[in-house]
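Thanks for coming. I will go through one structure, and I will give the cut-off for each term as it comes up.

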Amino acid sequence: MPVFAFVILHYGLADVTQKAVNSVFSLRNDGVQIKAIVVDNASPNDTGSLVQSRNAANPDFVYLKNNENLIMNKNNTINNNLTTKKDK
């Protein structure tokens, strides 16, 4: 089954990030697995944890938190590595 992974950068706005997650999962259909990977770019508030808890029951949701705010190029490299790995 093909897998499409969407990486969503999060920084401090839980509602905006949740709307993006909902939009990604609205693309689901038979024969295609959809994954949403939220990368919290070291938000200074606890909004990333809120997004994580709202989606914890979904096995196609992944939450990662950076320990520091990475510039866009570093995030893109990390995201590329995440989405090109094959599931075992």
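Let me begin with a definition: a residue is called buried when its relative accessible area is under 20%, exposed when that area is over 50%, and partly exposed in between, using a 1.4 Å probe and protein chains only. Please keep in mind that this is a predicted model, in which local features need pLDDT of at least 70 and side-chain atom pairs count only at pLDDT 80 or more, while totals for chains, interfaces and linings use all residues. Residues are numbered from 1 along each chain as its sequence is written, and side-chain values use heavy atoms, with hydrogens and water left out.

Now the salt bridges. The term means a side-chain nitrogen of Lys or Arg within 4 Å of a carboxyl oxygen of Asp or Glu. How many does a search of the whole structure find? The search finds three.

Take D40 and K65, whose side chains meet in a salt bridge with an N to O distance of 3.6 Å. D40 is in strand β2 and K65 is in strand β3, so this pair links distant parts of the chain, 25 residues apart. A word on the names: helices (H or I, at least four residues) and strands (E, at least two) are DSSP runs, numbered from the N terminus. Are the two partners buried or exposed, or something in between? D40 counts as buried because its relative accessibility is 0%. K65 has 43%, so K65 counts as partly exposed.

Another salt bridge joins the side chains of R54 and D15, at 3.5 Å from N to O. Here R54 belongs to helix α2 and D15 to helix α1, and the pair links distant parts of the chain, 39 residues apart. R54 counts as partly exposed, because its relative accessibility is 41%.

Then there is the salt bridge between the side chains of D60 and R28, at 3.8 Å from N to O. D60 lies in the loop between α2 and β3 and R28 in the loop between α1 and β2, so the pair ties together parts that are 32 residues apart in sequence. D60 is buried, with a relative accessible area of 15%, whereas R28 is partly exposed at 41%. D60 also has other neighbours. Contact here means heavy atoms within 4.5 Å. Leaving aside residues up to four places away in sequence, D60 touches F25, R28, Q33, I34, K35 and A36.

Next, the interior. In soluble globular proteins, nonpolar side chains tend to be buried together. A nonpolar core is a set of buried Ala, Val, Leu, Ile, Met, Phe, Trp, Tyr and Cys residues joined through side-chain atoms within 4.5 Å. In this model the largest nonpolar core has eleven residues: I8, A14, V21, V24, F25, I34, A36, V38, V51, F61 and Y63. Which elements give two or more residues to this core? They are α1, β2 and β3. The largest share, four residues, comes from α1.

V38 is one of the core residues and sits in strand β2. V38 is buried, with a relative accessible area of 0%. Not counting residues up to four places away in sequence, V38 touches I8, H10, T17, V21, V51, F61, V62, Y63 and L64.

Now helix α2, residues 47-54. Its buried residues are T47, G48 and V51. They cover an arc of only 105 degrees around the axis, which puts them on the same side of α2; the arc is that of the directions from the helix axis to the C-beta atoms. The buried residues of α2 pack against β1 (3-10), α1 (14-25), β2 (33-40) and β3 (61-65).

The C-alpha atoms of V7 and V39 are 7.2 Å apart, although the two are 32 residues apart along the chain.

Last, the surface. F4, F6 and L27 make a nonpolar patch of about 280 Å². Patches are made of residues with over 30% relative accessible area and no salt bridge, where like charges are joined within 9 Å and nonpolar side chains (Val, Leu, Ile, Met, Phe, Trp, Tyr) within 5 Å. The accessible areas come from the Shrake-Rupley method with a 1.4 Å probe, and for residues only the protein chains shown count as cover. L27 lies in the loop between α1 and β2 and, at 46% relative accessibility, counts as partly exposed.
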